[in-house]
Number of protein chains: 2
Amino acid sequence: MSKRSGVLEFAVLGLLRESPMHGYELRKRLNTSLGMFRAFSYGSLYPCLKTLVGRGWLVEEPGPEAQDPLAGALSGRRAKIVYRLTAEGKEHFEELLAHSGPDAWEDEHFGVRFAFFGQTEREVRMRVLEGRRSRLEERLDRMRASLARTRERLDDYTLELQRHGMESVEREVRWLNELIETERASRDRRSGPDPSDTAK
Amino acid sequence: MSKRSGVLEFAVLGLLRESPMHGYELRKRLNTSLGMFRAFSYGSLYPCLKTLVGRGWLVEEPGPEAQDPLAGALSGRRAKIVYRLTAEGKEHFEELLAHSGPDAWEDEHFGVRFAFFGQTEREVRMRVLEGRRSRLEERLDRMRASLARTRERLDDYTLELQRHGMESVEREVRWLNELIETERASRDRRSGPDPSDTAK
DNA sequence: GTTTTCATGTAACCCGTTACATGATTCA
DNA sequence: TGAATCATGTAACGGGTTACATGAAAAC
């Protein structure tokens, strides 16, 4: 029933798709490789892994050291649990990757989506980047409007905070512009410059 | 009992300190004037107001239109509830303002603290700005270290994401540097340039 | 041999949102 | 008169954290 709306879920599936791992290692990768923009604790990771197993997207496997006859002989030892993506799990993740709905470019989701762009279709990448950009442009419009309405009643610090906030958003828009540009260029290089396209 | 660790609580007290308001208006101010960096819904605002009243930091007052004899005569009408900061509430908020502990420069708190810098002592402002800056510098160190360790195993998109993330943090550090500079300049202008200070 | 780091989990809580319910006032 | 906006609230849920408990393996 639970939606598991899923930044964490998405990231876990994505990382496990590259290679099986146990929880501890997974968490480190979440907070470094992928991380910077979001941190997770074991308190959320392990329960998440459990529910993914419950849905058949992951399987728990004994760690490789279970092959070791010495360790195997000693009963009662708790082996590392290595999580591996199942076929259904892979299929599900690919569906998620193909999706480019509005939620894909919200603040919380965009970062993790971008982190897996390497596995994402070019067209989907474009839609997500452009969606994100127009999302931010809407926000800029609202900020500018609100600033125009309230400029005089605000003190210097509040004003400075808003100015800095707007600059941050403008900066991200420029970044997206560059990325979109690059994507387009590499697409055009592939299919050859199309006069009917560039003439527009 | 509840901690109410309080971005919302802080902002409510701060806004009501400037002038009494009813909930609806309060929420708008939270999401525009102060806002951009955080939004709140009624579902969190009204319960928060209730608990603040419960602690004696706010009082509910009938809206000004209750003075209107016509409206007052019509029984059963639900008046707007105007919230006003009590003396204890004001005292409490000033304690919060004076505080410059580590939590003041965390991501979640820093924005709201900055928004009320207009009401904050110069020394406290300095400590918060400097605390925030060193917090971000630590983060940069960790990012650089992690990047150096993992650079080759990462694909282009992940790398680009990290690069952009680091640039964002670096940019905020530069912003803080300017703010600190400005604060220092205005302080020095006050007390006159001190040779023993500038010689260092 | 002891401290660190690796490794797995659980229970309680926190701060907030969404969706809903209700009704008054203003504007077209 | 009907729609938009003003205005106040509640119940259920959501996605996470903190603090705790446990124990093996590695490093010193």
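This is a predicted model: local features need pLDDT of at least 70, side-chain atom pairs count only at pLDDT 80 or more; totals for chains, interfaces and linings use all residues.
Helix H1 of chain A, residues 7-18, lies across strands E1, E2 and E3 of chain A, and its direction is at about 90° to that of E3(A).

Strands of a sheet pair through backbone hydrogen bonds, and the pairing is either parallel or antiparallel. In chain A, three strands form an open sheet in the order E1-E3-E2, and their pairing is antiparallel. Strand E1 (21-22) and strand E2 (58-62) of chain A are the edge strands, each pairing on one side only.

How many bridges join E1(A) to strand E3 of chain A? There are two, and the strands run antiparallel, with E3(A) made up of residues 81-85. One residue pair can be named here: His22(A) has Val82(A) in E3(A) as its bridge partner.

The model also has a chain B, which can be compared with chain A. A rotation of 180°, with 0.0 Å of shift along its axis, superposes chain A on chain B with an RMSD of 0.1 Å. The two copies are therefore related as by a two-fold rotation axis. Which residue of chain A comes closest to the rotation axis? It is Ser168(A), whose C-alpha is at 4.0 Å from the axis.

The last point is the interface. Of the interface residues of chain A, 100% are also interface residues in chain B, so the copies meet through the same surface.

Key. Residues are numbered from 1 along each chain as its sequence is written. Chains are lettered from A and ligands numbered from 1 in the order in which they are written. Side-chain values use heavy atoms; hydrogens and water are left out. Two strands pair if DSSP finds at least two bridges between them. Helices (H or I, at least four residues) and strands (E, at least two) are DSSP runs, numbered from the N terminus. Contact means heavy atoms within 4.5 Å. Axes are lines fitted to C-alpha atoms, for helices over the stretch in contact, and angles run from 0 to 180 degrees between N-to-C directions. Copies are superposed by least squares on the C-alpha atoms of residues with pLDDT of at least 70 in both.
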